[in-house]
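Q: Please take a close look at the salt bridges here, and explain each term with its cut-offs as you go.

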Amino acid sequence: MFGFGNKQAQRRQGPRGSFDVPLLLAALALAAMGVVMVTSSSIAVADGSHVGAFYYLKKHLGFLAMGCLLAGIAMRTELKFVEKHSTTLLLLGIFLLLVVFVPGFGMRINGARRWINLVVTGFQPVEAVKLILVAYLSSYLVRHREGVEYELVGVLKPLGIAAMIAALLLLQPDFGSAMLILSTSAGMVWLAGARKRYLIGLAFVAVIVLAYVLLSKDYRVRRLTSFLDPFADPYNDGFQLSQALIAVGRGEWTGVGLGSSVQKLFYLPEAHTDFILAVLAEELGLAGIVGVVGLYIVMVGRGLYLGLKGVELGQRFSGYVAYGISLMLGLQATVSIGVNLGVLPTKGLTLPLISSGGSSVMMTCAMVGVLLRATFEINRAEDARQSAVRQPAAAVPTSAPIGGIA
C-alpha cells in the first residue's frame, strides 16, 4: 500500500532527474588530488618566498571554495536559461578579452596581457570564455542543425566565431588556449553532424595559417622545437622540460613517496601550476599517472556518453553542452599531460582540477557544474520517456471482460 502511494506521488511530481554519480566522483577525486599535490609542490616555493609554507595552499582552497559555489549555482540553473542568453554571454566574453588590452585594467605578466586587474587578484578572461563559447556553440548547433549538416556556410559561421576569439588570444599572446578553443569548436561541429569534406578543407586552411603564426616569431619556433631534444639546451629553452623529465624519470613505478620530490625544490619552475604532473609523477610514479589519467577518462567518457544520449533523446542543447565541456576538459588535460611528459611543445595550460591557479580552478569547477546539470536534464528526459512508455500499460485493467460481457 505504501509503495503504491509513493508511485502515485512520483507520477504527480513528474519525472525526476539525477546527476551522474561516476562523473561527480571522478571530479571530486581529481579535486582532492589537486589539494594534495598543490600542498606538496608549493611548500618549498612559498617558504623560499617568505610568505608562509601554506600560502599557495590557502589560495588554492579559497579559489576551490569559490569554484564549488559556482558549480553549485550551475547545477541548480536550468540550461534553457543559459541557452536563451548565450549570445549575450558571448558578447560579454569578447568584451572581457578586449579589456585585457586597456591600460589600467589589463595586467602584463611575463610579457603577456592575459589578466584583468581586480585589485585583490587577477582574473584570466579566457577561462570564462571557454565555457561561454561552449554554451554559444551549443545554442547555434541547435538553431541551425540542418545548415551545419548540409551547408558549408553553416559550418563556417560557428568556426568563424571561434577563430575570432582565437585571434584575440593570439594577440595577448596565448597560443595554447587559442588552439584549445579551435580544436574544441571543430570537435563540437563534427559531433553535430557536419560533413567531413568541409571540416578537412577548413582544417587544411587552418594548418597553413597556424604554421605562419608559429613561424613568424622566433620564441614560438624555439618553444615548438625545443621539446624534441630539451637536453640539447638544458639551461635555456629546454630548462623546464628537462627538469620535468628528470622528475618523471625519478618516479619510476611507484614514486619516491608523497612529499619527497627533489625537483620541486627550486629546480622545476611552475611546479604547482603548469608542471604539477611532473611532481606527481616523481612522488607517486607511473601508478599515480595512470590513476590520474583513469579519472580523466571516467569524467570525459561519461560526459561524451551522456552527450550522445542527450542528442538521441532530443535534449540537443544539453547534449552539445556535454560534448563541448567534455572535449574542452579532455583536450586540456591531454595537452598538459603531454607537455609534462615531453611529447608536446610547452604550453601554458593547467591540469584541470589539479593545478593551482585562481581563474582556472574557479571556471573549471563551474564547467563541471554545468556538465553535471546537463547530465541531470538528460537523465530527467530519459526518465520522462520511460514513464510515458509505462503509463499506457498501467492504465490497462488487470482483468478484462470476456466476450464483451460485464
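A: What follows looks at the salt bridges and then turns to a few other parts.

This is a predicted model, in which local features need pLDDT of at least 70 and side-chain atom pairs count only at pLDDT 80 or more, while totals for chains, interfaces and linings use all residues. Residues are numbered from 1 along each chain as its sequence is written, and side-chain values use heavy atoms, with hydrogens and water left out.

The structure holds nine salt bridges, a salt bridge being a side-chain nitrogen of Lys or Arg within 4 Å of a carboxyl oxygen of Asp or Glu. One of them joins Asp20 to Arg302, with the closest N and O atoms 2.5 Å apart. This pair links distant parts of the chain, since Asp20 sits in the loop between helix H1 (2-13) and helix H2 (21-48), whereas Arg302 belongs to helix H13 (residues 276-312), 282 residues apart. Helices (H or I, at least four residues) and strands (E, at least two) are DSSP runs, numbered from the N terminus. Asp20 counts as buried at 5% relative accessibility, while Arg302 is partly exposed at 27%; buried means under 20% relative accessible area, exposed over 50%, and partly exposed in between, with a 1.4 Å probe and protein chains only.

Another salt bridge is formed by the side chains of Glu283 and Lys264, at 3.0 Å from N to O. This pair also links distant parts of the chain, with Glu283 in helix H13 and Lys264 in the loop between helix H12 (239-251) and H13, 19 residues apart. Both Glu283 and Lys264 are buried.

The side chains of Arg373 and Glu377 meet in a salt bridge as well, at 3.0 Å from N to O. Because these residues are four residues apart in helix H15 (residues 358-395), Arg373 and Glu377 are separated by about one helical turn. Both Arg373 and Glu377 are buried, and they belong to a network of salt bridges that links Glu78, Arg373, Glu377 and Arg380.

Leaving aside neighbours within four places in sequence, Met299 is in contact (heavy atoms within 4.5 Å) with residues including Leu23, Ala26 and Leu329.
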